[in-house]
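Q: I would like to learn how to read charged side chains in a protein model. Could we go through one together?

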Amino acid sequence: MAMDFKQIQELIRLVNKSNIGELIVEEKGFSITIKQKVEPAQQIITAAPVAAPIMMPAAAAVTNAQAQSAQTSADDKLKAQESAPTNTITIKSPMIGTFYRSPSPGKPPFVEVGSEIEIGKPVCIIEAMKLFNEIESEVKGRIVKILVDDASPVEYDQPLFLVEPS
């Protein structure tokens, strides 16, 4: 079963927003390789399917938008680091994906600013490739700041929360 075009676009977007240099996905009769250069302004995306052709003009259009989003992401990281109080610990994303504050739509968020958290308590969910991963706190303390909006894409090692340890 080959990936659909939206899944391929999502992979391209996630790779471009991460620090991953190359991603290879192989399934029954289907293979795709996505690579990126070090310089965000000159990213090259190569998709090489075995079973189905990919329309390269669409991938090129996605690349231009991602060059801008990579710069925005870098700016967001810098702002988060500048505004971090010195007595806080940062909970960072262990993967690329989509950040969700609550376990499902309509449910209350795992944590709010001011919430007390324990080691092992879920603080958010990151969805990657249709897998929903609960992210648990590795520190005990109080949430001081939530650095990411709900349903926003996040990259590996991106700051998510600031926690005042207790």
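Predicted model: local features only at pLDDT ≥ 70, side-chain atom pairs only at ≥ 80, totals over all residues.

Q: Which residue forms a salt bridge with Glu164, and how far apart are the closest N and O atoms?

A: The general idea is that side chains of opposite charge can pair when their charged atoms come close. Here the partner of Glu164 is Arg142, with the closest N and O atoms 2.8 Å apart. Arg142 is partly exposed, its relative accessible area being 29%.

Q: How many salt bridges does the count come to?

A: The count comes to two salt bridges, and one of them joins the side chains of Glu112 and Arg101, at 2.9 Å from N to O. Both Glu112 and Arg101 lie in the loop between β4 (97-100) and β5 (116-117), so this pair ties together parts that are eleven residues apart in sequence.

Q: What should I look for around Glu127, which is buried yet has no salt bridge?

A: For Glu127, the nearest side chain of opposite charge is Lys130, 5.9 Å away, while a salt bridge requires the nitrogen to be within 4 Å of the carboxyl oxygen. The backbone nitrogen of Lys130, however, lies 3.4 Å from a polar atom of the Glu127 side chain. Glu127 is placed in strand β6 (residues 122-128), and, leaving aside neighbours within four places in sequence, Glu127 is in contact with Ile96, Gly97, Thr98, Tyr100 and Phe132.

Q: What is the pattern of helices and strands along the sequence?

A: The protein has two helices and ten strands, which follow one another as α-β-β-α-β-β-β-β-β-β-β-β. Of its 166 residues, 37% count as buried, and among contacts with a separation of 6 or more, 55% come from residues 24 or more positions apart.

Key:
Residues numbered from 1 in each chain as written. Heavy atoms only, no water. Helix = DSSP H or I, 4+ residues; strand = E, 2+ residues; numbered from the N terminus. Buried < 20%, exposed > 50% of the residue type's maximum accessible area, 1.4 Å probe, protein only. Lys, Arg positive; Asp, Glu negative; His and termini not counted. Polar contact = N/O pair within 3.5 Å; in protein donor to acceptor, adjacent residues only side chain to side chain. Contact = heavy atoms within 4.5 Å.
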